[in-house]
Amino acid sequence: MHNVYLAIVLAPLIGAIAAGLFGRQIGRIGAHTVTILGVALSCLLSLVVFQHHVIGEAEVYNAMVYTWMVSDGIRFEIGFLIDNLTALMMLVVTFVSLMVHVYTIGYMHDDPGYQRFFSYISLFTFSMLMLVMSNNFMQLFFGWEAVGVVSYLLIGFWFKRPTAIYANMKAFLVNRVGDFGFVLGIGAILLHTGSLDYWEVFGQAEGMARETIGILPGAEWSLLTVACILLFVGAMGKSAQVPLHVWLPDSMEGPTPISALIHAATMVTAGIFMVARMSPLFEYSEAALSFVLIIGALTAFFMGLVGIVQNDIKRVVAYSTLSQLGYMTVALGASAYAAGIFHLMTHAFFKALLFLAAGSVIIAMHHEQDIRRMGGLRKYMPITYGVSLVGSLALIGFPGFSGFFSKDGIIEAVHASQIPGAGFAYLLVLLGVFVTAFYSFRMFFLVFHGEERFRHVQHDDAHGHDAHHGHGHEPHESPWVVTLPLILLAIPSVLAGYWVGPILFGGFFDGVIFVLPEHDVLGKLGADYHGIGGYIAHGLMAPPFWLAMAGLGAAWYIYMKNPAIAARAHERFGKLYELLDHKYWFDEIYAAVFARGSVKLGSTLWRFGDALFIDDILVNGTAKTVGRLAQWARHSQTGYLYHYAFAMIIGLLVLITAFVF
Amino acid sequence: MSFPIPDLVPAIPEMFVLAMACTILVVDLFLKDDRRDVTYGLTQFTLFGALVLTWIVHVPEARVTFSGSFIADPLSDTLKSFIYVIAAGVFLYSRPYLKERGLFKGEYYVLGLFAVLGMLVMVSAYSFVTLYLGLELLSLCLYALVAFDRDSGRASEAAMKYFILGALASGMLLYGMSFLYGLSGSLEIPVVAEYLIANAGQFSVPLTFALVFVVVGLAFKLGAVPFHMWVPDVYHGAPTPVTLLIGSAPKIAGFAIIMRLLADGLGAMHADWQGMLVLLAVLSLAVGNLIAIAQTNIKRMLAYSTISHVGFLLLGILAGTQEGYAAALFYTVTYAIMAMGGFGMIILLSRQGFEAENLDDFKGLNERNPWLAFMMLLLMFSMAGVPPTVGFYAKLMVLQAVVQIGMTWLAVYAVIFSIVGAFYYLRVVKLMYFDKPADEPLPVRGLDVTVVMSVNGLLMVVLGIFPGILMSIAALAVGP
């Protein structure tokens, strides 16, 4: 299997190099052919690996491929750790990536950066696979940074737009904060264990839990807690958890296929995957788990609320992504790692679907993204309408759709959890269900139902990277390269949930994810699990379902039946609306405190540290002092003979005094 | 008192130089002004002959003759060889300058040869009398040479200052020697050394008193602070060929008498004179490097630079180890070659009625004559101690010797002041390469001068890349 794993990683890399460096030679068709073939091969082989490991129940594969260097006894290696978790992630990544590759043919067909785009997304696939297949922290960090770089490149793909440059800079800087924590966490682990290999580190987790580290004088903290929280800070950056979430909504400046692939389905879930992979470490630190739980719950609820007031179709989906990432994080904090990964998978399918469907709408609306200027698209775009309904139902957790199973699992797990903060988190995730349903169907109704408002508005071409269109065209369904991936993604968006038994309550992650017996909430829930039918029946009576229905109904009533309420609510709750509209002023605070603070600090250091102290005092100051000293000392050379003789006598006297007496 | 005829063989080179100097004095009287090249030729022949003779009579063992007042050993023969070569270079550089100014007279060569003779005697001196004799012979010739351009007021002033201060210093040296004679009962250096070893650990006050006077006398001859006042005025005031002569070869002779007097004769008092030399070195490094920065005249600048180099030379000697002496010898020879090149360059760029002695005269030299500019660059880099030039290794060896005896602070101090010193050397390079030239035409120079200047400059790099040649010579001369 060794060569199969290598091929899975290298096929997209070769595609990326071919399309990136030789894009002009091989042309548009050549570029998409070579990259799609590479990713398709990866996807196919991932299926083989999945079959081999999950269905064939093969041994866990852990082997080194290449030693980069050995320094002071620490080995820096490239290696693969393939188990059920990896196999699942590989399948999700390559499948979504393949869908996005195909979709891109339609979405980007007249973009001048066509080959570059294909090169980037293939490179991303390579990086993400390196990340998930890694068996050591070094390679994990490589993949982590590599996906970050590609994300940066793709957010700024339309590099002539100032907003895109702003957004990719922002994503990069915010991720640096997270990555700094991440690399410190790896450092803390390396400090104690002297190894970067997962299994060697996991073997010493208990020892690390007992070790303490004094960061501030007088305060001793558990080394493991410190390391885990630092690692999670990395995850907060990559998976956009409060307060490092600010980059994700702005990342929607990138082309829509990227939003689907990177900023919804795969890269942003790297943090979730990483924590699940590190479960043997996190399990021994209740403090870290509690931290994860609370951050996740805050993200899940409050980011969902912001989604309600957004009017840009992609931003609604982006806040929805933030909120769903919060749900996954909550699951991790509650030690229900399997539920987190399960939601990661179902979310990857239905959120990619929703994004690509949004992209399809955007194409139909000639790159108009404001949902207030849409409406009534159902009859023009039946396929997009259908798959959007599937995606939205999956997102709100309608029984029978994939999101229902995974989200219900998370909510139940949090309910059962005994970790500090679980009660608070339970409340937030429960309320989050209502919010999710409300904003999802608000968008759904505004886009596909009601009045055809796009006929009235004067179109101002704010997003005009292609100004080839005029008005008067009727909206029409997208070409097959767009709708085919939508349909292919809609299938797992419904069906993936039926796998709930083995993943949540079965032995799917045995030997991969480690849970201490006292944290094993899924095990407790599993005792009551009696097949899929019972699970759905139970779900129909549980509060999340009724909350979701209430949210859906409220959205219908407010935005379809009686739109006047929306306007009145807007007036009545002006302050609250303003708070949400400004996304809790995170951006403004960051800009004022961190951005301006850094600029001020920088200019202060430059003015006083560099210009004044180093340049003026140290460098020029020394030179001037020496020069002045020289000017002063030269006056000793008076030219008078008796001065010279006098100096000699003085010298003689000094020597006599010093050495004779 | 019997007076046996001494073994004259070890002194054959000195006798040859003396005889030739007298011959040239007479021959020159009968030469017309346009035949003066004969004097020049004879002088160069004398130096070449002396070099050959030195190595013909050379034996590896030390030989003492003239009743214990003269010594010929590897050290003396090595140093003498460098003196011949450098003096020959000096005469070669000087000729066009002297010709252009009507100074191309026999006196320069006769006085020059007698100065060389004085240096040879100093190098081979083994008693206080011989040592003083050589020193005075050299000094008197130099006094006269400084005033050689009789019409120059500046030169006469410099000569007067040099003469009076030199007399004072000679007096001090003699005073110290007389004390030593009084205490030990001998003028011979080895006998004094034996006396001191016998009395090691209980030196009387008069002995230390004598040591101070000897050190002061030596410090004056080398130009160490605070006995350096004559150096800038004399270097500046004297005609450049004389400055060239004063600034180069006599340093080697000065090193020799320090070796004979302090290392050999007063070696037992190392602890005492080490302290004095530390003081002198510290002052010389600071004063030399600092005041050099403020100079606009390159001759004065090089004078202060000499003072700072003397500081380095003293560092090697004060270490008191074989490595230190070898390093000091290496440094002295290197410095003499660098100084010869530096002053030679001034001569090359000067012409009748124009002395290229201001820093500004070097502006844009690269545009006017890239090859000479490059040679000057090598010389300046070497003086500043920039690798891979030989100046770097000279400094490095001295610093190693100082660190070996545990005086790391002194090494650090020396390095700091070499950095300060690098400024004014590199300023010359900056002027040559980055500034606009004045419209002064360059004088056309003969092939001999250009070739020697090229050799002189390239030697900086060649010796810098292969420092082993000079190092092994230095180590061999200083002995095990």
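## A buried arginine in chain B

B:Arg260 is buried, at 2% relative accessibility (buried means under 20% relative accessible area, exposed over 50%, partly exposed in between, with a 1.4 Å probe and protein chains only). This is a predicted model: local features need pLDDT of at least 70, side-chain atom pairs count only at pLDDT 80 or more, and totals for chains, interfaces and linings use all residues. Residues are numbered from 1 along each chain as its sequence is written, chains are lettered from A and ligands numbered from 1 in the order in which they are written, and side-chain values use heavy atoms, with hydrogens and water left out.

B:Arg260 forms a salt bridge with B:Asp73, with the closest N and O atoms 3.1 Å apart (a salt bridge puts a side-chain nitrogen of Lys or Arg within 4 Å of a carboxyl oxygen of Asp or Glu). B:Arg260 sits in helix α11 (residues 249-265) of chain B and B:Asp73 in the loop between β2 (70-72) and α3 (74-100), so the pair ties together parts 187 residues apart in sequence. Helices (H or I, at least four residues) and strands (E, at least two) are DSSP runs, numbered from the N terminus. B:Asp73 is buried too, at 10%. B:Arg260 also bridges to B:Asp264, at 4.0 Å between the closest N and O atoms. Both lie in α11 of chain B, four residues apart, about one turn of the helix. B:Asp264 is partly exposed, at 36%.

## Other salt bridges

The structure holds 30 salt bridges over all chains. One of them joins B:Arg300 to B:Asp233, with the closest N and O atoms 3.2 Å apart. B:Arg300 is in α13 (residues 298-319) of chain B and B:Asp233 in α9 (residues 230-237), so this pair ties together parts 67 residues apart in sequence. In chain A, shared partners join A:Lys170, A:Asp250, A:Arg315 and A:Asp587 into one network.

## The interface of chains A and B

In chain A, 22 residues contact 33 residues of chain B (contact means heavy atoms within 4.5 Å). The two chains bury about 2500 Å² between them, 82% of it on carbon and sulfur atoms (buried area is the accessible area, 1.4 Å probe, that two parts lose on being put together, summed over both).

## Nonpolar cores

The largest nonpolar core has 218 residues (buried Ala, Val, Leu, Ile, Met, Phe, Trp, Tyr and Cys joined through side-chain atoms within 4.5 Å). Helix α16 (residues 337-364) of chain A gives the largest share, 20 residues. A second, separate core has 194 residues, including B:Leu196 and B:Ile347.
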